Amino acid sequence: MIRLWGSGGRAAEVLQQCRAWREAGLRICLRPTTPIPETETGALLRKGREWLAAHDGVRSVQSFISSAARTDARYCWIVRHASAGNAHEFADLQDMLVSMERALNISGLYCDWTGEVNPD
């Protein structure tokens, strides 16, 4: 098919003209203002993953509970975006964090990291 469209043998040209695709990400953490019962943490993290994954440009969402004793960010979500621009727009929107708090009926969310997920 590529040869039918006149594009055969042009891979080097394409590689010279195109930027490499890079996935970007951010970490959203929860510093709960009230204790969260252990029996509810699984559902909270699942709801957070579903809520975040529903947004445009989000490729995947992972969640975890930090075991570090000195951290105040016990519950976290890693959000992978299709582009760095999308990740920065997402992280800059305080409204997004407020909306997520409302959706999950929690308070204490903040974004503490944005960056490239797969640097060269």
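At 27% relative accessibility, Cys111 lands in the partly exposed class, where buried means under 20% relative accessible area, exposed over 50%, and partly exposed in between (1.4 Å probe, protein chains only). This is a predicted model, with local features needing pLDDT of at least 70 and side-chain atom pairs pLDDT 80 or more, while totals for chains, interfaces and linings use all residues. Residues are numbered from 1 along each chain as its sequence is written, and side-chain values use heavy atoms, with hydrogens and water left out.

Back to the cysteines. A search of the whole structure turns up zero disulfides, a disulfide being a pair of cysteine sulfur atoms within 2.5 Å. Here is how two of the cysteines sit:

| Cysteine | Relative accessible area | Nearest cysteine sulfur |
|---|---|---|
| Cys76 | 2%, buried | Cys29, 3.0 Å |
| Cys111 | 27%, partly exposed | Cys29, 8.0 Å |

For Cys111, that distance is too far for a bond.

Now the fold. The chain has four helices and four strands, running α-β-α-β-β-α-α-β from the N terminus. Helices (H or I, at least four residues) and strands (E, at least two) are DSSP runs, numbered from the N terminus. Of the 120 residues, 31% count as buried.

Helix α4 covers residues 94-104, and its buried residues are Met96, Leu97, Met100, Glu101 and Leu104. Viewed down the axis of α4, these fall within an arc of 140° (taken from the directions from the helix axis to the C-beta atoms), so they line one face of the helix. Gln94, Asp95 and Arg102 are exposed on the other side of α4.
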